[in-house]
Amino acid sequence: MANQSVLQNLDWFCVLLYALLVFAGWLNIYSASLPLEPAGIFDLNQIYGKQLLFIILCVPLIIVLLSIEAKFYEKYAVVFYAVGIIALMGLFVFGKTIKGQTNWYQFGGFGLQPSEFMKTAVALLLAKYITDSQTHFETLREQAIGIGIILFPVLLILLQPDAGSAMIFLSLFLLLYREGLPSWYLWTGVIAIALFLLSLVINPEYLVGFTLLGLGIHYFLNKSIKRNPFFYLFLGIMMSGFVFSVDYVYDEVLEPHQKERIDVLFGKDVDLKREGYNLNQSKIAIGSGGWFGRGFLEGTQTKGGFVPEQHTDYIFTTVGEEWGFVGSLVVIGLFVTLLLRIWYLSEKQKTRFPRIYGYGVVAFLFTHFFMNIAMLIGLFPTIGVPLPFFSYGGSSLIAFTIMLFIFLKLDANKVNEW
């Protein structure tokens, strides 16, 4: 079959959703960073001017991504991953430390965050490994390789230290599960997180008692599995030890700012003028928008600069204040529609590599989207996660653009696959 035109087979619905999100994001960045003195929209001394430059640069980048042969991304997945790892390691020598984190390269007035681009590299290599090996993660070796591809960059990012970015990579365990990874890996993670959080608000002795009671009930009532009393005893010991270790981890391992963010989440004696300031102002800004918002450029919280980092991690507060509940629903609807569309296109792929890579794109976009909005309304600790295509930042916008349009190129090429 002769190769058909990329433009002819490109999913223009995804492109439209991308353009709408980028445009809406820029409007909110413009509102959140507009100076008192008038300035042109192309003024690179202004945040919105820099973001507009990044948006313009994405146009030729998209053309290049769509022009490259689809097989190129699969063939050189290992190279992309290796370059990403080298870039992460280089931060420990050449990186710039900002707010205690060494996760940026600085080039004049612009910065580059390698962890943002590493997400695409990890998704590509995972897709290649699973495709080439035809694995369904039935053996310990296959599981170790798949998990290792994810955890190696996670370890480097944790050393920066940037726990927020590292957590995002763990969403790829959903991809591994979809491709056959045993479910106990996911259950172990979910239960560990639940026990950690519950240990902060419930007396450890009580929590251990409830945990052991739950294991006992599961052992006696679940007759559909082969029950091993020694295995349940081992689980009980491990879970009890984990619960009693939480206080030590919280007091001795976590950084002060990390403990403060957890305290804010649970409302533990926080000072709304210090630790709880960001979250409190975020809620005020979002709540003040009402149903239809105060209007573009009319947000008092936004104009007064009361919400810190409003053009980056807290950009959605501008949507809530100026566009209201209805406008927020529209933005959320655009994100959800894009996620569902990528998932649908992934399921329609004829070969394994683009399908698996598409799952990776969905995992990353959903995790960023969910965590960013959840932290603004107090459902998740503040961890510095940008809203894809929306938050200010060249690294974030360009990295997500690369991630999305590589998938759209692979999808456009499916008519040439047998």
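Glu-179 and Arg-355 are both buried. They belong to a predicted model. In this model, salt bridges with shared partners join Glu-179, Arg-352 and Arg-355 into one network. The count of salt bridges comes to eight. An open sheet of three strands is the other topic here.

- Glu-179 forms a salt bridge with Arg-355, with the closest N and O atoms 2.9 Å apart.
- This pair links distant parts of the chain: Glu-179 sits in the loop between H9 and H10, and Arg-355 sits in helix H17, 176 residues away.
- Glu-179 also forms a salt bridge with Arg-352, where the closest N and O atoms are 3.1 Å apart.
- Arg-352 lies in helix H17 (residues 352-376), while Glu-179 lies in the loop between helix H9 (172-178) and helix H10 (183-199), so this pair ties together parts 173 residues apart in sequence.
- Glu-179 counts as buried because its relative accessibility is 4%, and buried means under 20%.
- Arg-352 has 12% relative accessibility, so Arg-352 counts as buried too.

**The Arg-294 and Glu-321 pair**

- The side chains of Arg-294 and Glu-321 meet in a salt bridge at 3.8 Å, N to O.
- Arg-294 lies in the loop between helix H14 (277-288) and helix H15 (300-304), and Glu-321 lies in helix H16 (residues 315-347), so the pair ties together parts 27 residues apart in sequence.
- Glu-321 is at 0% relative accessibility and therefore counts as buried.
- Arg-294 is at 42%, so Arg-294 counts as partly exposed; that class falls between the 20% and 50% cut-offs.

**The sheet and its helix**

- Three strands make up the open sheet, in the order S1-S2-S3, with antiparallel pairing.
- Strand S1 (96-98) and strand S3 (110-112) are the edge strands, and each pairs on one side only.
- On average, neighbouring strands of this sheet are turned by 55 degrees against each other, direction ignored.
- Strand S2 (residues 101-107) runs antiparallel to S3, and three bridges join the two.
- Gln-106 stands opposite Gly-111 in S3.
- Helix H5 (residues 77-94) packs on the sheet and touches S1 and S2.
- The direction of helix H5 makes about 90 degrees with that of S2.

Terms used. Residues are numbered from 1 along each chain as its sequence is written. This is a predicted model: local features need pLDDT of at least 70, side-chain atom pairs count only at pLDDT 80 or more; totals for chains, interfaces and linings use all residues. Side-chain values use heavy atoms; hydrogens and water are left out. Two strands pair if DSSP finds at least two bridges between them. Helices (H or I, at least four residues) and strands (E, at least two) are DSSP runs, numbered from the N terminus. Axes are lines fitted to C-alpha atoms, for helices over the stretch in contact, and angles run from 0 to 180 degrees between N-to-C directions. Contact means heavy atoms within 4.5 Å. A salt bridge is a side-chain nitrogen of Lys or Arg within 4 Å of a carboxyl oxygen of Asp or Glu. Buried means under 20% relative accessible area, exposed over 50%, partly exposed in between (1.4 Å probe, protein chains only).
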